[in-house]
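Subject: Structure handover

Hello,

Here is the structure I promised to pass on to you. Please open it alongside this email, and I will walk you through what turned up.

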Amino acid sequence: MTAAARVLELLVERGETLAVAESLTGGLVAAELTSVPGASRSFRGSVTAYATPLKRDVLGVDAGLLTERGAVDPEVARQMAAGVRRALGADWGMATTGVAGPDPQDGKAVGTVYVAVAGPGGAQNMAELRLNGGRADIRKESVRSVLELLSAELRKNARAQDTEQNGGN
């Protein structure tokens, strides 16, 4: 089972939905998700905010943060995930931002990538990646990494809910 199929299965089991904000992956995460039959049961949609102003205007990323640090930043990834969740009315949001190359961006080296997830009850997580390889390799690994990050968060969140429902036992 692919990472996308695992994520979608977990979301369906929970009755929850997902939205995606993508920058360097340019729609590859959404394409991976929609390649799974039945994805529409939990996948709401995506925003490919490749241009920095779209991160601000569509996803609600803080303008000062973008000016100060640029688009390749862990807090930008967090705000993108929260913003797409809000914008598309999903339970979970996930985001990718980074530098796929060939040139550095915002003072960040090629292969610097941040992936983030945001969910119900303030659940959130972010991972900083230092990836090697060419542009296609970096983008592919970014897709895999954000799907794995969400999968881990869904499993962790499910365990916490089970503990709550069983009186902490």
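First, how to read the values. This is a predicted model, so please keep in mind that local features need pLDDT of at least 70 and side-chain atom pairs count only at pLDDT 80 or more, while totals for chains, interfaces and linings use all residues. Residues are numbered from 1 along each chain as its sequence is written, and side-chain values use heavy atoms, with hydrogens and water left out.

The whole chain

The protein chain has six helices and five strands; helices (H or I, at least four residues) and strands (E, at least two) are DSSP runs, numbered from the N terminus. Starting at the N terminus, the order is α-β-α-β-α-α-α-β-β-β-α. Along the principal axes, the C-alpha atoms take up a box of roughly 50 × 35 × 25 Å.

Of the 169 residues, 47% are buried. Here buried means under 20% relative accessible area, exposed means over 50%, and partly exposed is in between (1.4 Å probe, protein chains only). The accessible surface is about 8,000 Å², and carbon and sulfur atoms account for 47% of that surface; the areas come from the Shrake-Rupley method with a 1.4 Å probe, and for residues only the protein chains shown count as cover. Taking contacts between residues at least 6 apart in sequence, 63% join residues at least 24 apart, where contact means heavy atoms within 4.5 Å.

Helix H5 and its surroundings

Helix H5 covers residues 74-88, and its 15 residues reach 21 Å from first C-alpha to last, close to the 21 Å expected at 1.5 Å a residue. The expected span is 1.5 Å times one less than the number of residues. Which residues of H5 are buried? They are Val76, Ala77, Gln79, Met80, Ala81, Gly83 and Val84. Their cover includes strands S1 (18-22), S2 (43-48), S3 (92-98) and S4 (112-118), along with helices H3 (52-57) and H4 (63-69).

Met94 lies in strand S3 and is buried, with a relative accessible area of 0%. Its C-alpha is 9.7 Å from that of Gln79, 15 residues away in sequence.

The N-terminal part

Helix H1 has 12 residues and reaches 17 Å from its first C-alpha to its last, close to the expected 16 Å. Its buried residues are Ala3, Ala4, Ala5, Val7, Leu8, Leu10, Leu11 and Arg14. After H1 comes Gly15, with a positive phi near 70 degrees. Thr17 sits in the loop between helix H1 (3-14) and S1. Is Thr17 buried or exposed? Thr17 is buried, at 18% relative accessible area. Leaving out residues up to four places away in sequence, Thr17 touches Leu11, Ser42, Arg44, Gly89, Ala90, Asp91 and Trp92.

Ser35, in the loop between helix H2 (28-34) and S2, is exposed, with a relative accessible area of 53%.

The loop between S3 and S4

Two backbone details are worth a look here. Most residues other than glycine have a negative phi, and most peptide bonds are trans. A cis peptide bond joins Gly101 and Pro102, with omega about 15 degrees, and Pro102 is in the loop between S3 and S4. Asp106 is in the loop between S3 and S4 and has a positive phi, near 50 degrees. Asp106 is partly exposed, with a relative accessible area of 41%.

Thr112 belongs to strand S4 and is buried, at 4% relative accessible area. Beyond its neighbours within four places in sequence, Thr112 is in contact with Val72, Gly98, Val99, Leu129 and Arg130.

Arg139 is in helix H6 (residues 135-165). Not counting residues up to four places away in sequence, Arg139 touches Leu24, Thr25, Gly26, Leu28 and Ala100.
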